[in-house]
Structures are given as C-alpha cells and as structure tokens.
Amino acid sequence: EPGARRRPAERDLADVDELLLSGTGFEQRRGRTMKNLFDLTGKVAIVTGGNGGIGLGMARGLASHGATIVVAGRSTEKTAMAVRELQGLGATAGGIAVDVKDESSVQAMVADTVGRHGRLDVLVNNAGINIRKPPHELSLAEWHAVLETNLTSTFLASHAAYPHMRNGGGGKIVNIGSLMSIFGAPFAPAYAASKGGIVQFS
C-alpha cells in the first residue's frame, strides 16, 4: 500500500540486534578477526628509520601482529632505545646500524637480517630527511643528501631485499610517500621531488 512502512528483512534485524545487544563483545570479535587477517607470526620485517617517529610507530604495529622486527637506523643509541621499547611490548626485535645512502651498508643490513632470522618478509622504506629551503637557497650537496636519503635508499633497499623475498616465496615492500609528492612545496623542493619519485617508483 502507498505510504506503508516496510519491515526490514530478518537478517537485517539480526544484524541490528547484534550491534545493539553485544556491545563490547562485538568489537572484540571484530578485533580478533582483524588480527587474524593481519597475522604476521613468523614473519621478519626491516623498518629503516624505525628508531623514531612514524618508523617506530610502524614497527610497533608490525610487532603487535607478531612480526619479528629489525630496526635499522643511523643512531645506535636511538635504535637501542627503540629495540628495548619493542621488546618491552613483548616483541622479538633487534637493531642494526645502516647508512641507507651506501649500497654496501644496505646490502649488509639485509644480509645480516637474513643471516640472523633465516628470512625476510617485509621491508618498510621509511628512512628520510628534509631540508627546508627554497630552491634558490638549496645547495647541490643538500639536494643530493635529501634525494639519496629518501629516494635512492628506497631503490637500494628494495634491490637488496628482492632476491631474498623471491627465494622465500614472496614478501611485501612498503614505500613511504607524502602529500608533497602530489602538491609540492616551495620551502621543500628536494623533499617533494624525492617523494614524487618514490610514488612513481612504487
């Protein structure tokens, strides 16, 4: 009849009842499902620049889903602090010093990880720097420093990690972009260019 109210299907009512009545239990079940979906137990992950900021946050996230974490960074002191924090959360974690601009150092980082843990499943290319200067004030050395730390390092680490992932049956490489890769910025031309390169490389 025109204007008559339609009753929801029984399955819709059941869904509503579950949402209204189960409350926290529903959230817990959903949380368990998500954790199963992203189960990284037995996987090994390298996070470059993983000793602080976004990198450490990603290391925590990977660890919370069961991954063994290798924190790779320049500062051995910061890396040791990050490793202790992750271990305090119950994670299996270790650290390694690396210069991501140097090919031999990056290759050693990957080889050491595989030698210790027997595999490499995840690489997060997070290491990066920014020098905030307009283009006319930026030196060539500063330009190279940003491009090599952010973009070239992503190539070097991915290049070193790929054969081990392929031989192990697969893996994941996560490269970190930025909104500046799309919009750019007059105060950070090298950073924006490096992030644009990362997006296209990925």
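Me: Before the helices, how are the axes and angles defined here?
Reply: Axes are lines fitted to C-alpha atoms, for helices over the stretch in contact. Angles run from 0 to 180 degrees between N-to-C directions. Keep in mind that this is a predicted model.

Me: OK. How do the axes of α3 and α4 cross?
Reply: At roughly 30°, and the axes come within 10 Å. Helix α3 covers residues 53-64 and helix α4 covers residues 76-88.

Me: What does that make them, roughly parallel or roughly antiparallel?
Reply: Roughly parallel to each other, because angles under 35 degrees count as such.

Me: Left-handed or right-handed crossing?
Reply: α3 passes α4 in a right-handed crossing.

Me: Which residues meet there?
Reply: From α3, Leu56, Ala59, Arg60 and Ala63. From α4, Ala82, Glu85 and Leu86.

Me: And by class, what is in that contact?
Reply: The contact of α3 with α4 has five nonpolar residues, two charged and no polar ones.

Me: Switching to aromatics. How many pairs?
Reply: One aromatic pair in the structure. The rings belong to phenylalanine 155 and phenylalanine 201.

Me: Why is the pair edge-to-face?
Reply: The planes of the two rings are at 75°, so the pair is edge-to-face; the cut-off for that is over 60. The ring centres are 6.4 Å apart.

Me: Where do the two sit in the chain?
Reply: Phenylalanine 155 is in helix α6 (residues 140-167) and phenylalanine 201 is in helix α8 (residues 189-201). They are 46 residues apart, so the pair links distant parts of the chain.

Me: Last one. How does phenylalanine 155 count for accessibility?
Reply: As partly exposed, at 41% relative accessibility. Phenylalanine 201 counts as partly exposed, at 41%.

Note on methods:
Residues are numbered from 1 along each chain as its sequence is written. This is a predicted model: local features need pLDDT of at least 70, side-chain atom pairs count only at pLDDT 80 or more; totals for chains, interfaces and linings use all residues. Side-chain values use heavy atoms; hydrogens and water are left out. Rings of Phe, Tyr and Trp (its six-membered ring) pair if their centres lie within 6.5 Å; planes under 30 degrees apart count as stacked, over 60 as edge-to-face and the rest as tilted. Helices (H or I, at least four residues) and strands (E, at least two) are DSSP runs, numbered from the N terminus. Buried means under 20% relative accessible area, exposed over 50%, partly exposed in between (1.4 Å probe, protein chains only). Angles under 35 degrees count as roughly parallel, over 145 as roughly antiparallel, 65 to 115 as roughly perpendicular and the rest as oblique. A crossing is left-handed if the near helix is turned anticlockwise from the far one by less than a right angle, and right-handed if clockwise. Contact means heavy atoms within 4.5 Å. Ala, Val, Leu, Ile, Met, Phe, Trp, Tyr, Cys and Pro count as nonpolar, Asp, Glu, Lys and Arg as charged, and the others, Gly among them, as polar.
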